[in-house]
Amino acid sequence: MKQEICNRIEALRQWMNEQELGGMVLPTMDPHNSEYVAAHWQARQWFSGFTGSAGTLVVTPTEACLWTDSRYWLQATEQLSGTPIDLMREGEDEELAVWMEKHVAGRIGFPEDMMVSQLYAEIFTVNTSQSATPLPAAALDALWPDRPSLPFSKAEVMPENLAGEAAESKMQRIVKWLEEKQGNELFISELSEICWTLNLRADDIPYNPFLISFLLLRTDGNHVLYTHQEQLDSEVRRHLESLHISIRPYDEGLRIQQERLKVETEESPVAAFRARKNDAEIAGFREAHVRDGVAMVRFMRRLEETRNEEWTELRVDRELTALRAEQPGFRGLSFETIAASGPHGAIVHYEATEETSAVLADHGFLLLDSGAHYDCGTTDITRTIALGSLTDEERHVYTLVLRGHLQLQNMHFPEGTTGLQLDTAARASMWREGYDFGHGTGHGVGHRLGVHEGPVQIRKNVRACTLLDIRARQVITDEPGIYVEGRFGVRIENMLLCQEAGATEFGRFLRFEPLTLCPYDLRAIDPEMLSAEERGWLNEYHRHVRITLEPLLDDPADRRWLQEATRPL
């Protein structure tokens, strides 16, 4: 594979010479700024061999560099080894735009269908913008044999009893916002915003129930959906007609998007509207987590009681997925399962392959980060599971992570508190002992939409998303971790619903309700490290898990396992 990457980079350089390009930018991008991109747009992965979900490859006649964030540094180091591509660590090494100004001369090419205005503005600074050269969408076809075509899944209307609000009502809210802004139209390219607005779902993007499309909403009522018409059956067409939406070819929307590359990104109200869940969405989230909790309990009991068998990381993925698929309303995974044992657990977003899948040892940890879409909602859970004997350090680190997780989960805080402020709750215990982690602590989750959803985040970095306040009815994750390179990793994650917690003379307060229903691993805890308050939080959470899930477990062995796993500490 490494030799294939060398050959691909060399072929790209020859092609660049023919096109008189001084550089080529291949981001992890589609025209919709999607987190996960369809295989048709995964040029960065094909040319570099790096499989992480975030990264930008820049190739010049003499150099090749790939920028990615801290989640993927270990993975990228391994996958880029033996190739002509150097790893650039975002936040530590020279920034992409600065590097390009120094190392790229002449015209800089990029596929016009793999760029959005935010990234365009970031990459092409004042000094290089005149050299930016958009290339036709099909420009890479000759270099990329058997390039996957665009996906065409069947779209469906999400029932209003699950969506909680009619599409007509959502559109009226957006149009009203437009009128207040004295605007005439809003062009929406983000797929999750389109699907939320129209109450549509499809399967065009891996792990995301999205329909590849663009949406143009106008205050005069002449709305347009740009998509592949063969994906729309009679029910969907009737739904769109009732909303006064005309249907135009996807390529027309793509041309509009490409014309807007140099235009500052439009403000959209949809992210804020979508983040505040309605009653039906909240009920759906709760039901989805009940189903998911049943699958997780059945899996964890099976894993524990069959440790005499050979378990690989890929077997963990297969068996947990199969148990989820037995639950009613299962619609697929919400992201690729991370089943990382031993040293693989230190790779934050490790993905097992046939080549790398390790056999689970009889000691140490399995870090299991997984989730699913159900017809009623989406789940995202991480549990770190003891596979046998643990070292004192492993148990100590596990308990530090658990303490941070519980501290954040049980926060009460005044309205107006930001994700940046809340982040400290999850890190304080580990900071005292010199530990930290590089990824965010919490992200929003969509209601049968993207498992990662804005606009808010909980993390230690100062960003626009961390300076927004956390509000009632938002759903967000709580997932601190510690990763000891080359040895093990620990992460614990629940999804939380932000709720009102009453008012005092000092203002209105909020709190979190855990939605996730699954035991923590009591075998991995050092009880002496927990305060009385933390122990009480842990026992109350386990009691809630037990009384919710126990009546739904048909197998007495599953019930006995759950009772033991949630015994008071």
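I call a residue buried when its relative accessible area is under 20%, exposed when it is over 50%, and partly exposed in between (1.4 Å probe, protein chains only). Helices (H or I, at least four residues) and strands (E, at least two) are DSSP runs, numbered from the N terminus.

The model is predicted: local features need pLDDT of at least 70, side-chain atom pairs count only at pLDDT 80 or more, and totals for chains, interfaces and linings use all residues. Residues are numbered from 1 along each chain as its sequence is written, and side-chain values use heavy atoms, with hydrogens and water left out.

**Entry: helix α15**

I started with α15, which covers residues 419–432 and has 14 residues. From first C-alpha to last, α15 reaches 21 Å, close to the 20 Å expected at 1.5 Å a residue; the expected span is 1.5 Å times one less than the number of residues. I also looked for a bend, taken as the angle between axes fitted to the seven residues ending at a position and the seven starting there. α15 bends by about 50 degrees at Ala426.

Ala426 is itself among the buried residues of α15, which are Gly419, Leu422, Asp423, Ala425, Ala426, Arg427, Ser429 and Met430. An α-helix has 3.6 residues a turn, so residues three or four places apart point the same way. I then asked which elements the buried residues of α15 pack against. They are α14 (392–409), β19 (412–414), β21 (453–458), β23 (481–484) and β26 (507–514). After α15 comes Gly434, with a positive phi near 85 degrees.

The peptide bond from Gly454 to Pro455 is cis, with omega near 5 degrees, and Pro455 is in strand β21. I noted two residues other than glycine with positive phi. Arg448, with phi near 50 degrees, is in the loop between β20 (442–444) and β21. Arg473, with phi near 80 degrees, is in the loop between β21 and β22 (475–478). Is each of them buried or partly exposed? Arg448 counts as buried at 4% relative accessibility, whereas Arg473 is partly exposed at 26%.

**Entry: rings**

I searched the whole structure for aromatic pairs and got 15. Rings of Phe, Tyr and Trp (its six-membered ring) pair if their centres lie within 6.5 Å; planes under 30 degrees apart are stacked, over 60 edge-to-face, and the rest tilted. One of the pairs is Phe330 with Tyr374, edge-to-face, at 6.0 Å centre to centre and 70 degrees between the planes. This pair links distant parts of the chain, since Phe330 is in strand β13 (residues 330–333) and Tyr374 in strand β16 (residues 372–374), 44 residues apart. Phe330 is partly exposed at 22% relative accessible area; Tyr374 is buried at 0%. Ring pairs also link Phe187, Phe214, Tyr226 and Tyr250 into a cluster.

Next I looked up charges over rings, which require NZ of Lys or CZ of Arg within 6 Å of the ring centre and within 35 degrees of the ring normal. Arg8 lies over the face of Trp46, 3.9 Å from the ring centre. Arg173 lies over the face of Phe273, at 4.7 Å.

**Entry: cysteines**

A disulfide is a covalent bond between the sulfur atoms of two cysteines. With the cut-off of 2.5 Å between the sulfur atoms, I counted zero disulfides. Cys195 is in none, and the nearest cysteine sulfur, that of Cys376, is 18 Å away. Cys195 and Cys498 are each buried, with a relative accessible area of 1%.

For contacts I used heavy atoms within 4.5 Å and left aside neighbours within four places in sequence. His40, in the loop between β1 (23–27) and α2 (43–48), is buried at 15%. His40 is in contact with Asp113, Met114, Trp144, Arg147, Pro148, Ser149 and Leu150.

His244 lies in the loop between α9 (234–242) and β12 (245–249) and is exposed at 59%. The contacts of His244 are Gly221 and His223. Its C-alpha is 53 Å from that of Asn539, 295 residues apart along the chain.

Ser117 is in helix α5 (residues 117–123) and counts as buried at 13% relative accessibility. Ser117 touches Arg260, Leu261, Val263 and Thr265.
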